[in-house]
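Thanks for coming. Please have the sequence and the 3D view open while I talk.

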Amino acid sequence: MMELLNYENLRLIWWLFIGVLLIGFAVMDGFDLGVAAMLPFVARTDNERRVAINSIGPTWEGNQVWFILGGGAVFAAFPLLYATAFSGFYFAMFLVLVALIVRPVGFDFRHKIDDSRWRAAWDTCLFIGGVVPAVVFGVAIGNLFLGVPFTFDEDMRLFYTGGFWALLNPFALLVGVVSLSMLVMQGATFLSLKTEGDVARRAGQVMTIACAVFVVTFIIAGIWVSYGMDGYVITSEVNPLAPSNPLAKTVSTESGAWLANYTANPLLFVFPVIALAGALGARVLVKAQAHVLAFISSSLTVAGTIATAGASLFPFFMPSSQNLDASLTLWDASSSHTTLMIMFFATLIFLPLIIIYTSWIYRVMRGKVTEDYVKSNSGSLY
Amino acid sequence: MDLDPVLLSRMQFGLTALYHFIFVPLTLGLSILLAMMESVYVMTGKEIWKEMTQFWGKLFGINFAMGVATGITMEFQFGTNWAYYSHYVGDIFGVPLAIEGLMAFFLESSFVGLFFFGWNRLSKLQHLSVTWLVAIGSNLSALWILIANGWMQNPVGAEFNFETMRMEVTDITQVIFNPVAQAKFVHTVAAGYVTGAVFVLAISCWYLLKGRHTAFAKRSFAIAASFGLASSLSVVVLGDESGYVATEHQKMKIAAIEAMWDTEEAPASFTLVGWPDVENRTTHYGIHIPAVLGLIGTRSISQQLPGINELVQHAEQRIRSGLVAYRVLQDLRKNPDDLAQKEIFLNHRQDLGYALLLKVFMDDPLQATDADIKRAAENTIPNVPFLFWSFRIMVGLGFFFILLFGSAFLLSATQRFTRYPWFLRIGLLALPLPWVAAELGWCVAELGRQPWVIEGVLPTNLAASALSGGTVLGSLLGFVVFYSTLAVVDAWLMVKYARLGPGEHHPQTGQSSAQAQESAS
């Protein structure tokens, strides 16, 4: 049994775990971000806004831990990736941070004062808090495909030579739109499930638009990755049991290399198919008032989209455009064998517990959030 | 002007940590108090205890949102501003942070929603369990964060691996059961309980002074008094110092706190007050209490506590030993299989960090002269006057809290809440003091650690990301503006809701709940 948990397998497992956490974040906190991002469009009056906000009110706080846990897990399992991504994307991270701070504060402070300017100001904050992270995460993923300019010196000190504005290139912005439309779709599906009347109707309309934008941009991005840019390939032999040292390998770029995993293993095409089918399915199911199924379908889209990107990048996390050999892969950016093992068992124990109590909480808070409900509970709700 | 990105990153981390730590202690203390109040409600069935839970819960909610939000900044900053740190110690340091998320943060954040929204959907016992889970989650969260922080002060259970150029875990149980971490945990959560208790006591005093919500305020006063008395006794008795003998630099920290320049015969005396003179390495006008320091620091009368001068000499020796490891490391990186070199390296590995201290002055530590080595050793002395005074203010406040809660406890036990209005005024004015003590305590622990970010392993200067000074200045200014705005809004809301008082949950200003119900119907 412990044989199976050798360094190579644990690195693979942790690559999968990071993917699972990312999907967990995009599915769970994704709908919170999505609801916040469409707040101005689906809810016009204060009561409608409170309906929308209270639909995610009891659970957004737990949901955002998926993100914090994702950050912590990358820190523990792939410290070099954590160091490079966070310090490289310095101002982008700062933007996300501001957005992630005004969001909790906005949820909690908005309802505390009954004044239209006060509430409008927090509505703006919530809107920003939804849109900015959704776009920035997409932009960051987009830049991974293009490669990011960084290198290491002999002490493994990291030097990043790109600026903030270089991150906002056309391809990365396109992925930003993929990400935003995907999370808005997730949010709209959730809102259709949790609300009724005008809010639910408008959420259905937003869902249609988001779904269309997602499908189109996802396909364009796919074609762009396949034919419009060079992918990265490791050209030296990989020893998956070696101590982590990204400078020990050689890397080159080749056109179409991001498709290499798919051509080698056509089964992987199931991911993009799930992403697209899930989106169209969610659209149909929302129209058919099958809201729970629609939400599951939309969640599959989220999972399929992230898996599509992961399968293409594998084994790369963060290719370096400046010093190709310094690119970070799951084989040479990981923690030690011991740490991956400790974290594996910690995850094995706690992740199921988290899923169990989260499900219980959703069960307790099940049911529609209506205008009457928020009106009669104005003191105890958001 | 040349902007130093390391200094700016330190300022940013320090400011955001101190800011985060405004909210954390109150979350720790208030969550337990809420759980206790609700326990009384469930046991006695008296509605007033539910009202208390809900009212203090409202203030808890405002604070909790800020605590969570500002905590995200802390997790980000290790990566954004301390990239080399993240690489160098992520293998160990990341583990408690990730487990904190898995075990604690998920728990408190998931259930805090039910605490607020679940009153009508859960049975009494279920809701009580939810409240306790929030409190337990918050406290477990502190445990794992302090295990991470304790490792920075006393990096046990890890070794440097020259193949990966970083520290790696060798024994995780040592990291978890690190005595420094355990001492810190107990001390910090007890300080949080004191903060929660002072918060409830002060606002209750204010209601009693104003003659509002008297029945409510008396009960809150009583529960805060007894909880606060127990906590303030714990926080002083279970002080942090028990961990200070664990390592060389922890010893430096206690010597600096005491401004003890020369080693004294055991048991060392405690300098009650005095005037530390850094230039001449002496402390003027000291008032000493025999034997007390030795007792606090070593829990014995025979173990000797070294003075600053002696510790600087140790540091010098370790720098020289570390330079051997550093020289061999360069060869080993090129030729990892050289067994002779490897053995030399392993013999000096534990001092490698000391050689890195020289990197503050020069790129290549191997070029260091004797004068450079002396200078680097002198640099291991933290800011003595600051530590000396911060520590004394903190401890003084600790004793004040015992006095405050002791008196409050007597008053509540004898039902003489309003007999002495001057006491209620003192109780109200004490409101900011636990924060002063907590923030100073944090400063003592972290500034006392300088020049190290990981004691004996990695100097702070080396740990920073290779960012430009302008970049860090930009984000620092952004934080200052953003955080100041939030602080104003948060404080304003807190005061507003505290003034509104219990039973008036309706957000409309100046309207009582009765009026609100009328207008709603």
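First, the conventions. This is a predicted model, in which local features need pLDDT of at least 70 and side-chain atom pairs count only at pLDDT 80 or more, while totals for chains, interfaces and linings use all residues. Residues are numbered from 1 along each chain as its sequence is written, and chains are lettered from A and ligands numbered from 1 in the order in which they are written.

Start with chain A. Chain A has 15 helices and six strands; helices (H or I, at least four residues) and strands (E, at least two) are DSSP runs, numbered from the N terminus. The C-alpha trace of chain A spans about 65 × 40 × 40 Å along its principal axes. Its radius of gyration is 21 Å, which agrees with the value near 21 Å for a compact globule of 382 residues. That radius is taken over C-alpha atoms, and the globule rule is 2.2 Å times the number of residues to the power 0.38. Of the 382 residues in chain A, 55% are buried. Buried means that 20 or more other C-beta atoms lie within 10 Å of the residue's own, exposed means 12 or fewer, and partly exposed is in between, with C-beta atoms placed from the backbone.

Among contacts in chain A with a separation of 6 or more, 79% join residues 24 or more positions apart. Two residues are in contact if their C-beta atoms, placed from the backbone, lie within 7 Å.

An unreviewed UniProt entry places the feature "transmembrane region" at several spans of chain A, including residues 12-43 and 88-106. UniProt positions are given in the numbering used here, feature names are shortened, and annotations may be inferred rather than shown by experiment. In the model, residues 12-43 of chain A are 94% helix and 0% strand, with end C-alpha atoms 44 Å apart. Residues 88-106 of chain A are 95% helix and 0% strand, and there the end C-alpha atoms lie 29 Å apart.

Now chain B. It contains 19 helices and six strands, and its C-alpha trace spans about 85 × 50 × 45 Å along the principal axes. For 521 residues a compact globule would have a radius of gyration near 24 Å, and the 25 Å of chain B agrees. Buried residues account for 54% of the 521 residues in chain B. Of the contacts in chain B between residues at least 6 apart in sequence, 76% join residues at least 24 apart.

One helix as an example: helix 4 of chain B, residues 124-153. Its 30 residues reach 43 Å from first C-alpha to last, close to the 44 Å expected at 1.5 Å a residue; the expected span is 1.5 Å times one less than the number of residues. Helix 4 of chain B is mostly covered, with 22 of its 30 residues buried.

Next, the largest nonpolar core. It has 294 residues, and those touching the most other members are A:Leu81, A:Met185, B:Leu201, B:Ile319, B:Ala355 and B:Leu458. Helix 3 of chain B gives the most to this core, with 23 residues. A nonpolar core is a set of buried Ala, Val, Leu, Ile, Met, Phe, Trp, Tyr and Cys residues joined through C-beta atoms within 7 Å. Leaving out residues up to four places away in sequence, B:Ile319 touches several residues, among them B:Tyr354, B:Ala355 and B:Ile373.

Last, some single residues. The peptide bond from A:Phe314 to A:Pro315 is cis, with omega near 0°, and A:Pro315 lies in the loop between helix 13 (291-313) and strand 5 (316-318) of chain A. In chain B, the bond from B:Gln450 to B:Pro451 is cis, with omega near 10°.

Is A:Gln289 buried or exposed? A:Gln289 counts as exposed because it has 11 C-beta neighbours inside 10 Å. Although not a glycine, A:Gln289 has a positive phi of about 65°.
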